[in-house]
Amino acid sequence: IPESEPEEMDSDVQESTALWRKGVATELDGNTVRSAEVTFRPGERTKFHTHAGVQILHVTGGSGVVATREERRTVTEGDMIMFPPGEEHWHGTDTDAESPFSHVYFIVEAAGSTTTVAE
């Protein structure tokens, strides 16, 4: 799978400024498989959003927040988080964060699926 160069990611799912991302994507048996490392600088986060498939996060650096409509958790390096298909969630840092937060995400969903912004 060809690896991309680090880039600023700017999409509708972001709550704040463009995030840093480096990742890979491919098609496999009618599914899209994507993975990328994303870095949130202090005060950056996503909006509430959903995915058609499962999303798994592996925290690779710093401390951040993952939240659903029902729960909010602080996560740190080494933590693994799984969001089932269709669950509204967000991830990133609080406005008072003192350092960046990075995670690798893995998403597997039907080809042609898109992320849906929920707020």
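## Salt bridges

A salt bridge is a side-chain nitrogen of Lys or Arg within 4 Å of a carboxyl oxygen of Asp or Glu. This is a predicted model, in which local features need pLDDT of at least 70 and side-chain atom pairs count only at pLDDT 80 or more, while totals for chains, interfaces and linings use all residues. Residues are numbered from 1 along each chain as its sequence is written, and side-chain values use heavy atoms, with hydrogens and water left out.

The structure holds five salt bridges. Among them, Glu71 and Arg73 meet at 2.6 Å, N to O. Glu71 is partly exposed at 40% relative accessible area (buried means under 20%, exposed over 50%, partly exposed in between; 1.4 Å probe, protein chains only). Another salt bridge joins Arg72 to Asp94 at 2.5 Å, N to O. Arg72 belongs to strand β7, whereas Asp94 lies in the loop between β9 and β10, 22 residues apart (strands are DSSP runs of E, at least two residues, numbered from the N terminus).

## Arg69 and its partners

Arg69 forms a salt bridge with Glu88, with 2.5 Å between the closest N and O atoms. Arg69 also lies over the face of Phe48, 3.8 Å from the ring centre. A charge sits over a ring if NZ of Lys or CZ of Arg is within 6 Å of the ring centre and within 35 degrees of the ring normal. Arg69 is partly exposed, at 44%.

## Aromatic pair

Ring centres of Phe, Tyr and Trp (its six-membered ring) pair within 6.5 Å; planes under 30 degrees apart count as stacked, over 60 as edge-to-face and the rest as tilted. One aromatic pair is counted: Phe40 and Phe101 are stacked, 5.7 Å centre to centre with 25° between the planes.

How values were computed:
Helices (H or I, at least four residues) and strands (E, at least two) are DSSP runs, numbered from the N terminus.
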